[in-house]
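Hello,

Here is the structure I promised to send over. Have a look at it first, and then read on for what turned up.

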Amino acid sequence: MRNQTLRNQRMVLAQQAQQKAIDVRRNAGFDNKSPLCIYGLCDKLNVRVKFVDISMEGIYLREAEPIILLSALRPLPRRIFTCAHELGHHVFGHGSTIDELIEESERSKAFQPEEFLANLFAGFLLMPVLGVRKAFVSRGWDADSATPEQIFTVACSFGVGYETLITHLAYSLKMISSSRANTLLKTKPKAIREKVLGRPPFTDPLIIADAYWSMPTIDAEVGSFLLLPTGAEAANDTITFEENHPKGCLFKANRPGVVRVYCRDTVWAVFVRVSRYQFIGLSQYRHLEEVEDE
């Protein structure tokens, strides 16, 4: 009886989270089939985002001028999801919260409705069901039979982690079974990066932006690698070409700044925005170029 009550409560919260994510997107001028920049959305909602060098996931401070603090020590995709999670606390009117490291919070399995709600909201906000279906269909892939490399590519297109997308596909969108999710989770992102690039060991962050990338921007930080469509060229040395690859052109992010990247033979073009490694400060300043000392 208790388990049934808990399942019903989770179902109600999931419906609330999905509807709130749809409403937030619509009210901010975003459709429900495209990836979005979570930091740009927070700007629109007058919620400041600041990166700090504290070992945790994130903090939401409900103040006259609300602010989200994110750990710059976490991987880029993790920061994006945590920002959406903390924004969930904001839009649902929750009080100030502190989210510890996932590894530590996993030790406590007690159901926390507000955390559950904020987590689902983050998933539906960053990965709306129409957007996820479009991401697979446009590439000619089936989510239920997609390879780890294909799942990784779609995860990059939404700015989230490989495991985050798998969890969302299985338990929020019900697009893959839990057994399929468990099988996919046995393959780690490091192994995927090595297989895609064919050069183990490869421990650096990798962003795959293929010909179906639909956002006008790609966010990276110094030291990240980017696998871009074949023929891609960068307008300056914010990112530099590393090597041609069977699956595209490999670039490396060298310095903070913004660079236009394009393919001469197609209409494909994006702005790559590079921040300092583990940038500390307000999110709107993360791509400012460094000023050299005179």
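A residue is called buried when its relative accessible area is under 20%. Please keep in mind that this is a predicted model.

With that cut-off, let's begin with strand β3, residues 67-71. Of its 5 residues, 5 are buried, so the strand is largely enclosed by the rest of the structure. Both faces are covered: Ile 67, Leu 69 and Ser 71 are buried on one side, and Ile 68 and Leu 70 are buried on the other.

Which strands pair with β3? One is β1 (residues 48-52), which runs parallel to β3 and is joined to it by 5 bridges. Within that pairing, Val 49 has Ile 68 as its bridge partner. Another is β2 (residues 58-61), which is antiparallel to β3 and linked to it by 4 bridges. There, Ile 59 sits opposite Leu 69. A hairpin of 5 residues connects β2 to β3.

Next, helix α1. This helix covers residues 2-27, 26 residues in total, and spans 37 Å from its first C-alpha to its last, close to the 38 Å expected at 1.5 Å a residue. Its buried residues are Leu 13, Ala 17, Ala 21, Val 24 and Arg 25. Among the elements that cover them are α2 (38-44), α3 (76-91) and α5 (113-126). Just past the end of α1, Gly 29 adopts a positive phi of about 90 degrees.

Is Arg 139 buried or exposed? Arg 139 counts as buried, because its relative accessibility is 10%, and the cut-off is under 20%. You will find Arg 139 in the loop between α6 (129-138) and α7 (148-158). A polar atom of the Arg 139 side chain is 2.9 Å from the backbone oxygen of Ala 135. Beyond its neighbours within four places in sequence, Arg 139 also contacts Thr 153, Val 154, Ser 157, Asp 210, Tyr 212 and Trp 213.

Glu 242, by contrast, is partly exposed, with a relative accessible area of 37%. Glu 242 belongs to strand β9 (residues 239-245). Setting aside residues up to four places away in sequence, Glu 242 touches Phe 225, Leu 250, Phe 251 and Lys 252.

Happy browsing, and do write back with any questions.

Best wishes

Notes:
Residues are numbered from 1 along each chain as its sequence is written. This is a predicted model: local features need pLDDT of at least 70, side-chain atom pairs count only at pLDDT 80 or more; totals for chains, interfaces and linings use all residues. Side-chain values use heavy atoms; hydrogens and water are left out. Helices (H or I, at least four residues) and strands (E, at least two) are DSSP runs, numbered from the N terminus. Buried means under 20% relative accessible area, exposed over 50%, partly exposed in between (1.4 Å probe, protein chains only). Contact means heavy atoms within 4.5 Å. The expected span of a helix is 1.5 Å times one less than its number of residues. A polar contact is a pair of N or O atoms within 3.5 Å; within protein, one must be able to donate a hydrogen and the other to accept it, and residues adjacent in sequence count only if both atoms are side-chain atoms. Two strands pair if DSSP finds at least two bridges between them.
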